[in-house]
Number of protein chains: 2
Amino acid sequence: MNIPKRKNLKRVIIIGAGFSGLQIAKKLRRDKYQVILIDKNNYHTFQPLLYQVATAGLEPDSIAHSIRNIVKNTKNFFFRLANVYSINTCKRMIYTNIGELDYDYLVIATGSITNYFGNKNIEFYSFPMKSIPEALNLRSLILQNFESALLKKDIKERQRLMNFVIVGGGPTGVELAGALAEMKRYVLPNDYPDLDVQHMNIHLLQASKRLLDGMSEESAKQAYKNLKELGVTIWLNCLVKDYNGKEVFTEKNKKIDTVNVIWAAGVKGALIQGFLKDDIKKNRILVNHYMQTIRYKNIFAIGDVALMNMNPSYPNGYPMTAPPAIQQGNYLVNNFNNMNFFLDKKNISPFLFKNLGSMATIGRNKAVCDFSCFKLKGFLAWIIWMFVHLVSLVGFRNRAIALTNWIIQYFHYNKSVRLIIRPFHRKKII
Amino acid sequence: MNIPKRKNLKRVIIIGAGFSGLQIAKKLRRDKYQVILIDKNNYHTFQPLLYQVATAGLEPDSIAHSIRNIVKNTKNFFFRLANVYSINTCKRMIYTNIGELDYDYLVIATGSITNYFGNKNIEFYSFPMKSIPEALNLRSLILQNFESALLKKDIKERQRLMNFVIVGGGPTGVELAGALAEMKRYVLPNDYPDLDVQHMNIHLLQASKRLLDGMSEESAKQAYKNLKELGVTIWLNCLVKDYNGKEVFTEKNKKIDTVNVIWAAGVKGALIQGFLKDDIKKNRILVNHYMQTIRYKNIFAIGDVALMNMNPSYPNGYPMTAPPAIQQGNYLVNNFNNMNFFLDKKNISPFLFKNLGSMATIGRNKAVCDFSCFKLKGFLAWIIWMFVHLVSLVGFRNRAIALTNWIIQYFHYNKSVRLIIRPFHRKKII
């Protein structure tokens, strides 16, 4: 990989430039370590706003930022654009599409991928929304559907194009359903005067008995109410069984005709080959209180891919969201910078997640926030949601562009970027 | 195509939503005509700024605008996303990928495509820059090249990735060369500290004896001087003969090793099947003073695709740029709205192009403007260039976003959107 080793410096390889990996890459002391960051993209993605890219609210440049631009302290720092295929824990090597590299310490921050729970049909036909290209595909799909619907004389065929099924009632599903409903209300009637947009149906299917499982009962009810008002059809206790590209089937033998199934029903750790079976649990890498893997003292895992199940409040591990990832990144880099960590753990306190709250937006002036001491809904919650997301974006420019977009959209009731730049070619339905 | 005909209205089909086609679609009287606009994209592209998309200065959403959003008077107006394959002038029909349609009047505003002058090798291996996807491909290519160059141990191979050859010294070539040179100076050294960016070479090859053929000698000299200062190697009287994907050959047996040839050497009319040989000249459709085709009274051609060679100042037709296209669109729609046009041409003055001037930018604070009474260069010309391009963008939002980007870039010396969202996969070199 063309990176010369420095004799007096230990080499740390970080795999993944998500929320957790970036913290380490930015803050790791360059006088103690040679830092190598590897990611399959040359940009960091702010995943919480992917749904706005999919629904033509923001362009990718607002929620993505060049990694080479984020990590500015380039002394003893190397970024490589690569896919990591596997690791060899004995030889202390990683293997990638651009060659191999040895490490002294390895930090696995590979995040998560869409979980189809083993259903190959759903994986093949439905649309995920975990990356920017996937969000752009979804946007193209939505817009192409309406262009196609205009041409259909067969009512059933037209309806199939205009039925949208979102599977998963977590924050992603709720936010996406709300954004689609607002497109239906404010944007599409103007864009398609010769199409009866009222025939567009948005179904939100949730397997459990309520929306927003990770949030309070109160917020879940508010989200349910707001989505209903926006015209979203919500199905609770509704587990999807199969999908053939034309019809989605639920466990209770319900059937919805649609060519648009958006899969927001779950994620699983993005694992790397090379671990033993015991090191993995629930598709995540088991770690101790110090984010260290159970078997290898020089390998760490943080963020979505790490499973720390020793905190009694989180018996299934911390939620696979940004806040634990950021906190774990900060925690680990502090330990790294304090070299004693590797000699004597007694002086190091274990990682503890501080839950600062959670939030979800449903649409214009509509959001829900759960904080430890109070809950909020409506306009104020929406303002807080926007503020928190805006300041979380990387870089002044991204914030400025996103804010400009949001202000214009707020006053124009418009989603401005409904451009089919790269048409999405549907997989053939056999 | 599922568009019912209205008995009392004549049907006008406009093919192409570029500068000229849009004028007609927006302004044609809906009480006299049923208006159908067809384009292969659902957006209008502001082509003069494509080079900024290619060099990571702007995102596509700043220079593209949804056609359905531009044409707001939707009474008796239909937009269809389609590729027009051919026309039948006797049956008065057009044939597209989404079906056929008959017309009373047809306006061909299909614009232009890249002209490779018949060289299949160049067409296969070089990069055009006439559309947004092409500009995005070019952006990905530039960024991917530097990531690859990092990994090359062979000096010749690395150099081949870092040599950029731009063919064509018109405004596109000049602006692209300037933007690349500024990337080399301001952006890449920070992004690639472990690569010697000084090895990046930018060659601008021009077949004629000066740059900017359409502009004044004075402006051409200034552009030459500015580009030289920015480190661009300019080759005049240098006609490209061939390109094999690795080496570009000129007529004087010069050879440059490069995998990056950007073809900005010419355009030709985007013709549609169905015309007779005599109707076409120099790859453009011949029209009379009224933008009417020679043979068919109900078919008109405007913009780049139309050749009006009866103005003695422009014996080869008007330049294939935005100003004639916009003026022709406005001219023709006025004639259409004045129904007498079809009965009595004596009351209609022929189209005359008003040349308001031309301009090109080279880089920060550097541009040249030719107006009829005076010429400008330097900072003031640059400010005028920016102002003219900004107000020419469609819609308040596009202007706001582009301006925000430009201001941030001006103060940060940075190109912010260097994200490889859709990696470009190079054609295999055999």
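**Entry 1: a helix pair in chain A**

I began with helix H1 (residues 19–27) of chain A and helix H10 (residues 322–337) of chain A, whose axes come within 7 Å and cross at roughly 25°. I keep in mind throughout that this is a predicted model. Angles under 35 degrees count as roughly parallel, so I noted H1(A) and H10(A) as roughly parallel to each other. The crossing of H1(A) past H10(A) is right-handed.

Next I asked which residues of H1(A) and H10(A) meet. From H1(A) I listed Phe19(A), Ser20(A), Gly21(A), Leu22(A), Gln23(A), Ile24(A) and Lys27(A). Facing them in H10(A) I found Ala322(A), Ala325(A), Ile326(A), Gln328(A), Gly329(A), Asn330(A), Leu332(A) and Val333(A). Sorted by class, this contact of H1(A) with H10(A) holds eight nonpolar, six polar and one charged residues.

**Entry 2**

I then traced an open sheet of three strands in chain A, with the order E19-E20-E22 and mixed pairing. Which strands stand at the edges? They are strand E19 (280–281) and strand E22 (306–307) of chain A; each has a single partner strand, so one side of each is left without a neighbour in the sheet. E19(A) runs antiparallel to strand E20 (residues 284–286) of chain A, and two bridges join them. Across that pairing, I saw Ile280(A) opposite Ile285(A) in E20(A).

Most residues other than glycine have a negative phi. Met291(A) has a positive phi, near 65°. Is Met291(A) buried or exposed? I put it down as buried, because 23 other C-beta atoms lie within 10 Å.

**Entry 3: loops in chain B**

In chain B I checked Asn283(B), which sits in the loop between strand E19 (280–281) and E20. Asn283(B) is not a glycine, yet its phi is positive, at about 65°. I count Asn283(B) as partly exposed, because it has 15 C-beta neighbours inside 10 Å.

Arg295(B) came next, in the loop between strand E20 (284–286) and strand E21 (299–301) of chain B. Arg295(B) has 12 C-beta neighbours inside 10 Å, so I logged it as exposed. What does Arg295(B) contact, leaving aside its neighbours within four places in sequence? I found Leu276(B) and Asp279(B). Leu276(B) is 19 residues away from Arg295(B) along the chain, and their C-alpha atoms are separated by 9.2 Å.

**Entry 4: a strand pair in chain B**

I looked at strand E1 (residues 10–15) of chain B and found five of its six residues buried, so E1(B) is largely enclosed by the rest of the structure. Six bridges tie E1(B) to strand E2 (residues 33–39) of chain B, and the two run parallel. One position I wrote down is Arg11(B), opposite Gln34(B) in E2(B).

**Entry 5: where the chains touch**

Last, I turned to the contact between the chains, which takes 38 residues from chain A and 38 residues from chain B. Among the elements giving two or more residues on the chain A side are helix H3 (60–63), strand E5 (77–81) and helix H6 (132–149). Which element of chain A gives the most? I found H12(A), with five residues. By class, the chain A side has 20 nonpolar, eight polar and 10 charged residues.

Key: Residues numbered from 1 in each chain as written. Chains lettered and ligands numbered in written order. Predicted model: local features only at pLDDT ≥ 70, side-chain atom pairs only at ≥ 80, totals over all residues. Axes fitted to C-alpha atoms, helices over the stretch in contact; angles between N-to-C directions. Helix = DSSP H or I, 4+ residues; strand = E, 2+ residues; numbered from the N terminus. Parallel < 35°, antiparallel > 145°, perpendicular 65-115°, else oblique. Left-handed = near helix turned anticlockwise from the far one by under 90°. Contact = placed C-beta atoms within 7 Å. Nonpolar A, V, L, I, M, F, W, Y, C, P; charged D, E, K, R; others polar. Pairing = 2+ DSSP bridges. Buried ≥ 20, exposed ≤ 12 C-beta atoms within 10 Å, placed from the backbone.
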